[in-house]
Structure formats: structure tokens, C-alpha cells
Amino acid sequence: MSANRGWWAPPEGEDSVSEKLLRKTRESPLVPIGLGGCLLVAAYRIYRLKARGSTKMSIHLIHTRVAAQACAVGAIMLGAVYTMYRDYIKRTAQDTREK
């Protein structure tokens, strides 16, 4: 690796990390949405940590984990439904129009 290429550069012919992330996001756009939902839930629950009242810390953390997992599973389910729609229903409609 030459000194003028910076601290790290991908080998020739390979994508950089940002290019790979953008490509993966275009392939499955609901993954970043699910991750963002998890982060938003976690940030909100951390913000509300002081106002939890008499609730135990462990219960608060369990509720935070469940809410974050619900966002991730919801995004996965939406992605699966969209993929099924795209692969089966839309393709079937196109096949019937071609015949």
C-alpha cells in the first residue's frame, strides 16, 4: 500500500465500506429502517430512564429490549412481505399479460 492512498484503502476491484453499505441498502432498504427503529427506541427509552418512576431497572431494560426487537422484526416482516409480493404476485401478473 502506498503512503499517498491514506490510512486504509480497499484492494483494487473491491468496493469501499461506504459503497458496499449503499449497495446493500439499495438491495434491501428495510434493513436500515429496522436498525434506525431499534436505535430510536433505545434512545427514547434511555431518555425516559429518569422518569421510569418506581419501575425496577431490570423491567425497564426488558421493555426497552422488547420494543427494539419489535422494530427489527417488523422491518424483517415488511421486507419478507414485499419480497413475496415482488416475486410471486407481480411476476404472475406480468406472466399473464405476456400470454
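In which helix is the place of glutamine 69? Glutamine 69 sits in helix α3. The views below start with the whole chain and return to this residue.

This is a predicted model, where local features need pLDDT of at least 70, side-chain atom pairs count only at pLDDT 80 or more, and totals for chains, interfaces and linings use all residues. Residues are numbered from 1 along each chain as its sequence is written, and side-chain values use heavy atoms, with hydrogens and water left out.

**View 1. The protein chain holds three helices and zero strands.** The order from the N terminus is α-α-α. Helices (H or I, at least four residues) and strands (E, at least two) are DSSP runs, numbered from the N terminus. The chain has 99 residues, and 12% of them count as buried. Buried means under 20% relative accessible area, exposed means over 50%, and partly exposed lies in between (1.4 Å probe, protein chains only). The accessible surface is about 8500 Å². Carbon and sulfur atoms own 64% of that surface. Areas come from the Shrake-Rupley method with a 1.4 Å probe; for residues, only the protein chains shown count as cover. Take the contacts between residues at least 6 apart in sequence: 43% of them join residues at least 24 apart. A contact means heavy atoms within 4.5 Å.

**View 2. The largest pocket holds about 240 Å³ of space.** Its lining has 16 residues; closest to the centre are Ser28, Pro29, Leu30, Val31 and Gly79. Helices α1 (17–27), α2 (30–47) and α3 (57–98) each give two or more residues to the lining. Helix α3 gives the most, with seven. By class, the lining has nine nonpolar, four polar and three charged residues. Ala, Val, Leu, Ile, Met, Phe, Trp, Tyr, Cys and Pro count as nonpolar, Asp, Glu, Lys and Arg as charged, and the others, Gly among them, as polar. A pocket is an open set of points on a 1 Å grid over the protein atoms alone, with protein on both sides within 12 Å along at least five of seven lines; a 1.4 Å probe fits at the points, and lining residues have an atom within 4 Å of one. Grid points are joined across faces, edges and corners, and the volume is the space filled by probe spheres set on them.

**View 3. An unreviewed UniProt entry annotates residues 30–47 and 67–85 as "transmembrane region".** Such annotations may be inferred rather than shown by experiment; positions follow the numbering used here, and feature names are shortened. Residues 30–47 are 100% helix and 0% strand, with end C-alpha atoms 25 Å apart. Residues 67–85 are also 100% helix and 0% strand. Their end C-alpha atoms lie 27 Å apart.

**View 4. Threonine 64 is a residue of helix α3.** Its relative accessibility is 12%, so threonine 64 counts as buried. Setting aside neighbours within four places in sequence, threonine 64 is in contact with Val41, Ala42 and Arg45.

**View 5. Glutamine 69 and cysteine 38 are 6.9 Å apart, C-alpha to C-alpha.** In sequence, 31 residues separate the pair. Glutamine 69 is partly exposed, at 40% relative accessible area. Valine 73 also belongs to helix α3. Valine 73 is partly exposed, at 47%.

**View 6. Leucine 40 lies in helix α2.** Its relative accessible area is 64%, so leucine 40 is exposed. The C-alpha atoms of leucine 40 and alanine 68 are separated by 8.3 Å. Along the chain, these two residues are 28 residues apart.
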